[in-house]
Amino acid sequence: MTGTIYLLNGPNLNLLGKRQPEIYGSETLGDVEAAASARAESHGLATRALQSNAEHQLIDWIHEARDTAVAIVINPGAYSHTSVAILDALNAYEGPVIEVHISNVHKREEFRRHSYVSLRADGVIAGCGTQGYLLAIDRVASLVKSSI
Ligand code: DQA
C-alpha cells in the first residue's frame, strides 16, 4: 500500500502535554506525530503531520489534501464546534476522513457535544486519549485497503 495520510491538528493542540494534562494527557504533539507515523508505516502508509491555530491554514491544507492525501485524520480542536468553513472544505475532499478527539467530548460541556466536522467524518473517535490517533490510522488503513 502506498499513500500519505494527512494528520491535521487544530488550535491549542501544539500545547499537548502542557495544556490541561488531566484532560489531554502528558504526551506532546511531537510524540503523537511520531507514533502515528510509525503506525502508518506499519501499514505501508506515510503521514504528513500539520498543526495550526488558524482556521484558514487548516482549510488550505484540506484543499491541498485533495490532490496529495489518501485520507485525512483530523482533530479540529474547538473549530469542531464552530467551523462551517472546515466542514465545507472536508466536503470538497473525496477520501476517508476520521475525526479524533482526545477527550470524551460527550462527557464535558454541552457546547462540545456538537461537531460540524462529524457531519462529514466517516468515523469519530473520542475519549481514547492520544491512542485515538493510532486507532484512526488503523481505520484509515483498512478503508484505503478495501478501496484498492
Ligand atoms: C478536543 C476537544 C475540543 O472540545 C477542544 O476544544 C480541544 C481538544 C479533544 O481532542 O478532546 O481543543 O478536540
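Q: What is the place of Pro11 in the chain?
A: Pro11 belongs to the loop between strand 1 and helix 1. Helices (H or I, at least four residues) and strands (E, at least two) are DSSP runs, and they are numbered from the N terminus. This is a predicted model, in which local features need pLDDT of at least 70 and side-chain atom pairs count only at pLDDT 80 or more, while totals for chains, interfaces and linings use all residues. Residues are numbered from 1 along each chain as its sequence is written, and side-chain values use heavy atoms, with hydrogens and water left out.

Q: Why is Pro11 called buried?
A: The label rests on relative accessible area: buried means under 20%, exposed means over 50%, and partly exposed is in between (1.4 Å probe, protein chains only). Pro11 has a relative accessibility of 9%, so Pro11 counts as buried.

Q: How do you know which residues Pro11 touches?
A: You look for heavy atoms within 4.5 Å, which is what contact means here. Not counting residues up to four places away in sequence, Pro11 touches Arg19, Gln51, Ser52, Asn53, Leu58, Pro76, Ala78 and Tyr79. Take Ser52 from that list: Pro11 and Ser52 are 41 residues apart in sequence, and their C-alpha atoms are 5.9 Å apart in space.

Q: Is Ser52 buried or exposed, and what makes it so?
A: Ser52 has 10% relative accessibility, and therefore counts as buried. You will find Ser52 in the loop between strand 2 (46-51) and helix 3 (55-68). Leaving out residues up to four places away in sequence, Ser52 touches Asn9, Gly10, Pro11, Gln57, Leu58 and Trp61. A polar atom of the Ser52 side chain also lies 2.9 Å from the backbone nitrogen of Ala54.

Q: What makes the link between Thr130 and Glu27 a polar contact?
A: A polar contact is a pair of N or O atoms within 3.5 Å; within protein, one must be able to donate a hydrogen and the other to accept it, and residues adjacent in sequence count only if both atoms are side-chain atoms. The side chains of Thr130 and Glu27 are joined at 2.3 Å, and the pair is a polar contact.

Q: Why do Thr130 and Glu27 get their accessibility labels?
A: Thr130 is at 16% relative accessibility, so Thr130 counts as buried. Glu27 is at 30%, so Glu27 counts as partly exposed. Thr130 is in the loop between strand 5 and helix 5, and Glu27 is in the loop between helix 1 and helix 2. Setting aside neighbours within four places in sequence, Thr130 is in contact with Leu16, Tyr24, Glu27, Val32 and Ile102. With residues up to four places away left out, Glu27 touches Leu16, Gly17, Val32 and Thr130.

Q: What stands out about phi in Asn12 and in Gln20?
A: Asn12 has a positive phi of about 75 degrees although it is not a glycine. Gln20 is also a residue other than glycine, and its positive phi is near 35 degrees. Asn12 lies in the loop between strand 1 and helix 1 (21-24), and Gln20 is found in the loop between strand 1 and helix 1 too.

Q: Why are Asn12 and Gln20 called partly exposed?
A: Asn12 is at 36% relative accessibility, so Asn12 counts as partly exposed. Gln20 is at 37%, so Gln20 counts as partly exposed as well.

Q: Which residues of helix 5 are buried, and what covers them?
A: The buried ones are Gly132, Tyr133, Leu134, Ala136, Ile137, Val140, Ala141 and Val144. Their cover includes strand 1 (4-9), helix 2 (29-42), strand 2, strand 3 (71-75), strand 4 (97-101) and strand 5 (123-126).

Q: Why does Ala85 count as partly exposed?
A: Ala85 has 34% relative accessibility, so Ala85 counts as partly exposed. Ala85 lies in helix 4 (residues 84-91). Apart from residues up to four places away in sequence, Ala85 touches Glu55 and Ile59.
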